[in-house]
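Subject: Model handover and notes

Hello,

Here is the model for your files. My notes follow below it.

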Amino acid sequence: MDEASVLENIIRYLNYLQERVDILEKQARKPVVHVKKSELVVDDVGSSSSEQQSTPSIEARVCDKHILLRIYCEKRKGVLVKILGEIEKLNLGVVSTSVVPFGSSSLYITIIAEKEKEFSLALKEIVQNLYNVLQRAA
């Protein structure tokens, strides 16, 4: 190979890398929807202690036809089955699921789902539907 062809290959490769960087930057800017953890403090009359209740935390991200869901919620019997059932109802196919117990009473759930042809919801609607399922499971 002569110097001209080596430089030509380098230039092509640099152009390819720049296109790849542009694509990745666009994907990184796609919307993320969060339902943040909140606290409810209840003061009983005549009691000096307060009780905390936390709502589930749900994060959703989109990349092409895939959706990444991260859910932090209370450990309850059947909660994963209810979440996966709701995801199927929303015309999403589950590609991967990971469930990790966090402490003795919480779950950290990660789901990668793929949009099916009939899928037409916004991220906010997905998060709201899952949030409602988790509230009913409580």
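Helices (H or I, at least four residues) and strands (E, at least two) are DSSP runs here, numbered from the N terminus. On that basis the protein chain has three helices and seven strands. From the N terminus on, they run α-β-β-β-β-β-α-β-β-α.

Some ground rules. This is a predicted model, so local features need pLDDT of at least 70 and side-chain atom pairs count only at pLDDT 80 or more, while totals for chains, interfaces and linings use all residues. Residues are numbered from 1 along each chain as its sequence is written, and side-chain values use heavy atoms, with hydrogens and water left out.

**Burial and contacts**

Buried means under 20% relative accessible area, exposed over 50%, and partly exposed in between (1.4 Å probe, protein chains only). Buried residues make up 22% of the 138 residues in the protein chain. A contact means heavy atoms within 4.5 Å. Take the contacts between residues at least 6 apart in sequence: 60% of them join residues at least 24 apart.

**Helix α2**

Helix α2 covers residues 79-89, and its buried residues are V79, I83, E86 and I87. Seen down the axis of α2, these fall within an arc of 100 degrees, so they line one face of the helix. The arc is that of the directions from the helix axis to the C-beta atoms. V81 and K89 are exposed on the other side of α2. What do the buried residues of α2 pack against? Their partners are β5 (66-74), β6 (92-102), β7 (106-115) and α3 (123-137). After α2 comes N91, with a positive phi near 65 degrees.

**Helix α3**

The 15 residues of α3 should span 21 Å at 1.5 Å a residue, and its end C-alpha atoms are 21 Å apart, which agrees. The expected span is 1.5 Å times one less than the number of residues. Buried in α3 are L123, I126, V127, L130, V133, L134 and A137. Down the axis of α3, the buried residues fall within an arc of 125 degrees, so they too line one face of the helix. K124 and R136 are exposed on the other side of α3. An α-helix has 3.6 residues a turn, so residues three or four places apart point the same way.

**Strands β4 and β5**

Two strands pair if DSSP finds at least two bridges between them. Strand β4 (residues 57-63) and β5 run antiparallel, joined by seven bridges.

**Aromatic pairs**

Rings of Phe, Tyr and Trp (its six-membered ring) pair if their centres lie within 6.5 Å; planes under 30 degrees apart count as stacked, over 60 as edge-to-face and the rest as tilted. The structure holds two such pairs. One of them is Y72 with F102: edge-to-face, 5.8 Å centre to centre, 75 degrees between the planes. This pair links distant parts of the chain, with Y72 in strand β5 and F102 in strand β6, 30 residues apart. Y72 is partly exposed at 23% relative accessibility. F102 is exposed, at 53%.

**Cysteines**

C73 is buried, at 6%.

Best wishes
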